[in-house]
Amino acid sequence: MIDDERWMRRALSLARQAEAQGEVPVGAVLVAEDQVLGEGWNRPIATMDPSAHAEIIALRAAAARRRNYRLPDATLYVTLEPCVMCAGAIIHARVARLVFGARDPKAGAAGSVYDVLTVPRLNHAVQVGGGVLETDCAGSLQAFFRRRRAAENGMKENPE
């Protein structure tokens, strides 16, 4: 649990980089044997790439480093429960374990809305743990969207 919190704090620092760039603050770090294999933060706006989620960027970096798309000894730490796209990539990469912070009640694919990562019919099942530093992870996202809504409302004309 101590290592989970340590790596989730690293993912939170990556999420802050996403936020600084105007992206939804989600960060991910992929670890094996206490070493970072890859890391990333949300970048779909900057890259104009709808697949540029933090998890995908971390998986791509790790696969390039390992020179293999399969990462069976790795744990992925991400500040927000992965979506279906990211869950699929996690399965295809054969990631051993996923640890996420905040649950995503609208699009989560690790148990909140869908349970993609542990489906017995798929060729790989991922060990899933959620809620690590959940308050910090959820708070970061909530504050981001609160500021975004306030900015959008401030840009609208005042009807009075």
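This is a predicted model: local features need pLDDT of at least 70, side-chain atom pairs count only at pLDDT 80 or more; totals for chains, interfaces and linings use all residues.
Student: What distance does helix H3 reach from its first C-alpha to its last?

Tutor: Helix H3 covers residues 54–66 and has 13 residues. At 1.5 Å a residue, a span of 18 Å is expected. The helix comes close to that expectation, reaching 18 Å.

Student: Which strands and which helix are included in what covers the buried residues of H3?

Tutor: The buried residues of H3 are Ala54, Glu55, Ile56, Ala58, Leu59, Ala62 and Ala63. Their cover includes strand E1 (27–32), strand E2 (35–41), strand E3 (75–80) and helix H4 (84–92).

Student: Is Ala62 buried or exposed?

Tutor: Ala62 lies in helix H3. Leaving aside neighbours within four places in sequence, Ala62 is in contact with Leu30, Leu37, Gly38 and Leu71. Because its relative accessible area is 0%, and the cut-off is under 20%, Ala62 counts as buried.

Student: How far apart in space are Ala62 and Val99, C-alpha to C-alpha?

Tutor: In sequence, Ala62 and Val99 are separated by 37 residues. In space, their C-alpha atoms are 17 Å apart.

Student: How many disulfides does a search of the whole structure find?

Tutor: A disulfide is a covalent bond between the sulfur atoms of two cysteines. A search of the whole structure finds no such pair, and Cys83 is in no disulfide, its nearest cysteine sulfur being that of Cys86. The separation is 3.8 Å, too far for a bond, since the cut-off is within 2.5 Å. The number of disulfides found is zero.

Student: What is the relative accessibility of Cys86?

Tutor: Cys83 is buried, with a relative accessible area of 18%. Cys86 also counts as buried, and its relative accessibility is 0%.

Student: With which residues is Ile90 in contact, leaving aside its neighbours within four places in sequence?

Tutor: Ile90 is one of the core residues that touch the most other members. Beyond its sequence neighbours within four places, the contacts of Ile90 are Leu59, Leu76, Pro82, Val95, Leu98, Leu117 and Val126.

Student: Which element gives the largest share of the lining of the largest pocket?

Tutor: The largest pocket has a volume of about 480 Å³. Among the 21 residues lining this pocket, Val24, Leu80, Asp104, Leu141 and Phe145 are the closest to its centre. The largest share of the lining, six residues, comes from H5.

Student: What is the relative accessible area of Glu33?

Tutor: Glu33 is found in the loop between E1 and E2. Its phi is positive, near 50 degrees, although Glu33 is a residue other than glycine. Glu33 is exposed, with a relative accessible area of 71%.

Notes: Residues are numbered from 1 along each chain as its sequence is written. Side-chain values use heavy atoms; hydrogens and water are left out. Helices (H or I, at least four residues) and strands (E, at least two) are DSSP runs, numbered from the N terminus. The expected span of a helix is 1.5 Å times one less than its number of residues. Buried means under 20% relative accessible area, exposed over 50%, partly exposed in between (1.4 Å probe, protein chains only). Contact means heavy atoms within 4.5 Å. A nonpolar core is a set of buried Ala, Val, Leu, Ile, Met, Phe, Trp, Tyr and Cys residues joined through side-chain atoms within 4.5 Å. On a 1 Å grid over the protein atoms alone, a cavity is a set of points where a 1.4 Å probe fits but cannot get out, and a pocket is an open set with protein on both sides within 12 Å along at least five of seven lines; lining residues have an atom within 4 Å of a point. Grid points are joined across faces, edges and corners, and a volume is the space filled by probe spheres set on the points.
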